[in-house]
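This note is intended for a colleague who is meeting the structure for the first time. The points below are numbered and may be read in order.

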Amino acid sequence: MKKEQKVLIVGQLIVILFLLCAVGFLWDKKIQMTRHNASEEPNAVSEGSFLAEKQQKTDTTDGNLFKEEGVTGNQSSGIAVLSTAEQAILQEDVVIDLKQDGVKPLSGKNIVVFGDSIWNTYRSPTGIAYQVAKETGATIYNCAINGTRASTDDETVDVMNNWHSKSLSTMIYIMMGIIDPVDQIKGEYAIRVVDKIDWDTVDYVLISYGIQDYLFNARLESEEGDYYGLNTYMGALRHAALRLHERYPNIKILFLAPTYCDIWVGPEDCTTHDEGHGTLLDYVEAMNIAAVQTDSSFLNMYEQMGISAVNAMDYMEDSIFLNEKAREKYAEIVTESLIKMK
C-alpha cells in the first residue's frame with residue numbers, strides 16, 4: 001500500500017472518531033438538560049405526548065385545578081382555571097352540575113340535550129352546555145353526539161331493525177328502554193349520560209339537529225304520508241316530541257334550529273344549494289313547523305346567531321364548528337330563552 005493511501009485512511013479514521021465523540025457529547029448534554037428540566041418541573045410532559053392532553057397541575061396558592069380543555073374533536077382551546085365548585089364537571093365529563101352558591105334563574109331544574117356536534121364537540125368550560133349550566137344554575141344532561149342527525153338511515157325504520165344509527169329516534173328509544181345501545185354507540189358520552197337521568201325530574205328537553213340532516217339530504221317529509229316517519233327530518237322531530245309528551249307531559253320541549261354551515265357547492269352555499277330536499281333554510285322552517293305541530297317551543301338559532309357567508313370566519317372554526325366567541329353567544333341566546341320559558 002502506498003504511503004499516500006495510508007495517510008488518507010488514517011485521516012478518515014480520525015475524522016470519524018472526532019464525529020462520534022461530538023455526537024456522544026451532545027447526546028450527554030441533552031440527557032442532562034432533560035433531567036434538569038424534569039427536576040424543576042416534576043409534571044413536565046414531552047411535547048406531542050398523549051399525556052399532555054390529560055395533564056393536571058394543582059396550584060397550591062388557591063387550590064384551583066388547571067386542566068387542558070377541548071380534547072373532544074381533536075381540538076384544544078387553551079388552559080382553563082376552574083374553581084373548586086366547577087371541578088366536578090371535568091372529572092367524568094358526563095353530568096354538568098356545578099353546585100353553585102347563590103340562587104340562579106333555573107336553580108334546581110334539570111335539562112336534557114339531544115343534538116349534534118354544536119353541543120358535543122366541546123365538553124369543557126367553553127362548551128355551550130357548560131355555559132348554559134353556569135348561567136342558569138340548572139343541571140345539564142348533555143346527550144349530544146357528533147355527526148348525528150334527527151332522521152334515521154333509510155333502512156333503520158322500526159324497532160325490530162339493527163339500530164346502528166346515532167339518530168334522535170335512536171336516543172329516544174334508548175331513553176324509553178325499548179332498545180339497547182349497539183356497539184357502534186356504546187362508547188359515546190351520550191349513552192353514559194342517558195343512564196344517569198331520572199326522567200321524572202326533567203324539566204326541559206332541548207332538541208338541536210339539522211345540519212347533518214341537510215348535508216346527508218334527508219327527506220323533510222315522508223312521500224308515503226307517514227306523519228311520524230323516522231327516516232324523515234320532520235317525522236323524527238314530531239316522533240320525539242310525541243314520545244316525550246306522552247310519557248312526561250310536564251316536560252317543556254325546545255327545538256333549536258341549525259346554525260349556518262359554511263358549505264359551498266360551486267357558487268352556492270347552504271342558503272341556496274339544494275340537493276333535492278331543500279336548502280338549510282328549508283330545514284330551519286321545517287323544524288319551526290314541527291314545533292308548532294307538537295306544541296313545542298322553537299328558537300331560530302340560525303336567525304339569532306346571525307352567521308352568514310359574509311362573517312362566517314368571525315364565528316366558525318371550520319365549515320360547521322362554532323368558535324369560542326360563537327359558542328358564548330349561542331349559550332347566551334339559549335339561556336335567555338329558557339329563562340323566558342320558566
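1. Salt bridges. A salt bridge is taken here as a side-chain nitrogen of Lys or Arg within 4 Å of a carboxyl oxygen of Asp or Glu. By this rule the count comes to five salt bridges. One of them joins Arg219 to Glu223, with the closest N and O atoms 4.0 Å apart. Another links the side chains of Arg219 and Glu224, at 3.8 Å from N to O. As background, side chains of opposite charge can pair when their charged atoms come close.

2. Basis of the note. The model is predicted, so the local features reported need pLDDT of at least 70, side-chain atom pairs count only at pLDDT 80 or more, and totals for chains, interfaces and linings use all residues. Residues are numbered from 1 along each chain as its sequence is written, and side-chain values use heavy atoms, with hydrogens and water left out.

3. Exposure of the bridging residues. Buried means under 20% relative accessible area, exposed over 50%, and partly exposed in between (1.4 Å probe, protein chains only). Arg219 is buried, its relative accessible area being 14%. Glu223 counts as exposed at 62% relative accessibility, and Glu224 counts as exposed at 62%. A further salt bridge pairs Glu317 with Arg327, the closest N and O atoms being 3.7 Å apart. Glu317 lies in the loop between helix H12 (312-315) and helix H13 (324-341), and Arg327 in helix H13, so this pair ties together parts that are 10 residues apart in sequence. Helices (H or I, at least four residues) and strands (E, at least two) are DSSP runs, numbered from the N terminus. Glu317 is partly exposed at 38%, whereas Arg327 is buried at 2%. Salt bridges that share partners join Arg219, Glu223 and Glu224 into one network.

4. The nonpolar core. A nonpolar core is a set of buried Ala, Val, Leu, Ile, Met, Phe, Trp, Tyr and Cys residues joined through side-chain atoms within 4.5 Å. The largest such core has 88 residues. Among those with the most contacts inside it are Phe114, Trp119, Trp199 and Tyr330. In soluble globular proteins, nonpolar side chains tend to be buried together.

5. Trp199 and the aromatic pairs. Which residues does Trp199 touch, not counting residues up to four places away in sequence? With contact meaning heavy atoms within 4.5 Å, they are Val112, Phe114, Met175, Val205, Leu244, Tyr248 and Ile251. Rings of Phe, Tyr and Trp (its six-membered ring) pair if their centres lie within 6.5 Å; planes under 30 degrees apart count as stacked, over 60 as edge-to-face and the rest as tilted. The count comes to seven aromatic pairs. The rings of Trp199 and Tyr248 have centres 5.8 Å apart and planes at 25°, so the pair is stacked. Trp199 is buried at 7%, and Tyr248 is buried at 13%. Phe114, Trp199 and Tyr248 form one aromatic cluster.

6. Helix H4. Is helix H4 (residues 128-136) largely enclosed or exposed? Seven of its nine residues are buried, so H4 is largely enclosed by the rest of the structure. The buried residues include Ile128, Tyr130, Val132 and Thr136. Just after H4, Gly137 takes a positive phi of about 85°.

7. Ser117 has its place in helix H3 (residues 117-120) and is buried at 5%. Beyond its neighbours up to four places away, Ser117 touches Ile145, Asn146, Gly147, Ile320 and Phe321. Ser167 sits in the loop between strand S6 (139-142) and helix H5 (168-176) and is buried at 1%. The side chain of Ser167 makes a polar contact with that of Thr170 at 3.0 Å; such a contact is a pair of N or O atoms within 3.5 Å, where within protein one must be able to donate a hydrogen and the other to accept it, and residues adjacent in sequence count only if both atoms are side-chain atoms.

8. Cysteines. A disulfide is a pair of cysteine sulfur atoms within 2.5 Å, and a search of the whole structure finds zero. Cys261 is in no disulfide; the nearest cysteine sulfur, that of Cys270, is 4.1 Å away. Cys261 is buried at 0%, and Cys270 is buried at 0%.
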